[in-house]
Amino acid sequence: MFGNRLSAIIVNAGLAKVEKHIHLFSLDVGVIYSPRITLNCVYGGDGGTRAKPEDGCGHDFCAASRSRRDGWCDGLPHHTSQVADVLTNLQPGNYNEVIINTKSIQDLLPTAVEAIFYLRGNKLGAQRAREVHTSFLSQYKLDADSHPLLRMDPNNLEHPLLADEEH
């Protein structure tokens with residue numbers, strides 16, 4: 001539906017400087033991807049990528065000189081080499097949106113996935129995440145030590161991820 005891309009967020013300690021909680025757009029099951037996957041581009045907020053071409057980025061990018069001081073850059077995407085600039089220069093009330101190349105996920109499975117998570121307090125989401133986690137481990141003959149199931153507290157920016165309460 002949206003081409004060869006997936007929207008995601010880089011959860012990082014720097015978000016505490018501009019946010020009180022982590023913006024997540026799904027309350028169901030989350031995935032923590034390996035840094036080895038390929039990003040198409042990064043935005044210093046909601047990139048409105050549903051209206052973008054297949055890669056989610058387009059052809060007009062934020063200039064490197066501006067990226068070093070402006071994470072938003074009037075909503076333009078930043079090159080992946082500028083991820084640190086975007087994370088350092090997020091404006092209050094903004095978050096980041098990274099566009100993942102889904103082929104890189106497919107090519108790197110199962111190592112593309114480092115962990116699966118659910119949101120703290122979401123019992124239905126926790127149940128679904130446990131099912132997805134069990135299925136993932138079984139399909140790729142992995143164990144929970146190498147690919148854990150985690151619980152995320154989006155209000156705890158210092159330590160948002162903890163081990164699953166039932167494991």
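Student: How many residues does helix H4 have, and what distance does H4 reach from its first C-alpha to its last?

Tutor: The model is predicted, so local features need pLDDT of at least 70 and side-chain atom pairs count only at pLDDT 80 or more, while totals for chains, interfaces and linings use all residues. Residues are numbered from 1 along each chain as its sequence is written, and side-chain values use heavy atoms, with hydrogens and water left out. Helices (H or I, at least four residues) and strands (E, at least two) are DSSP runs, numbered from the N terminus. The expected span of a helix is 1.5 Å times one less than its number of residues. H4, residues 123-140, has 18 residues and reaches 26 Å, close to the 26 Å expected at 1.5 Å a residue.

Student: Which residues of H4 are buried?

Tutor: Buried means under 20% relative accessible area, exposed over 50%, and partly exposed in between, with a 1.4 Å probe and protein chains only. In H4, the buried residues are Gly125, Ala126, Ala129, Arg130, His133, Phe136 and Leu137. They lie on the same side of H4, because they cover an arc of only 140 degrees around the axis; the arc is that of the directions from the helix axis to the C-beta atoms. Leu124, Thr134, Ser138 and Gln139, on the other side of H4, are exposed.

Student: Which strands do the buried residues of H4 pack against?

Tutor: Contact means heavy atoms within 4.5 Å. The buried residues of H4 pack against strands S2 (29-33), S5 (113-119) and S6 (149-152).

Student: What is found at the start of H4, and what follows H4?

Tutor: A polar contact is a pair of N or O atoms within 3.5 Å; within protein, one must be able to donate a hydrogen and the other to accept it, and residues adjacent in sequence count only if both atoms are side-chain atoms. At the start of H4, a side-chain oxygen of asparagine 122 comes to within 3.3 Å of the backbone nitrogen of leucine 124. After H4 comes lysine 141, with a positive phi near 55 degrees.

Student: Which residues form the largest nonpolar core?

Tutor: In soluble globular proteins, nonpolar side chains tend to be buried together. A nonpolar core is a set of buried Ala, Val, Leu, Ile, Met, Phe, Trp, Tyr and Cys residues joined through side-chain atoms within 4.5 Å. Here the largest has 8 residues: Val113, Ile116, Tyr118, Ala126, Ala129, Phe136, Leu137 and Leu149. S5 and H4 each supply at least two residues of this core, and the largest share, 4 residues, comes from H4. Apart from this core lies another, of 6 residues, including Val42, Val86, Leu87 and Leu90.

Student: Where does valine 86 lie, and which residues does valine 86 touch?

Tutor: Valine 86 lies in helix H2 and has a relative accessible area of 0%, so it is buried. Not counting residues up to four places away in sequence, valine 86 touches Val42, Tyr43, Gly44, Gly71, His78 and Asn96. Valine 86 and tyrosine 43 are 43 residues apart in sequence, yet 7.2 Å apart in space, C-alpha to C-alpha.

Student: Is asparagine 96 buried or exposed?

Tutor: Asparagine 96 counts as buried because its relative accessibility is 1%. This residue is found in the loop between helix H2 (83-88) and strand S4 (97-101). A polar atom of the asparagine 96 side chain lies 2.7 Å from the backbone nitrogen of isoleucine 10.
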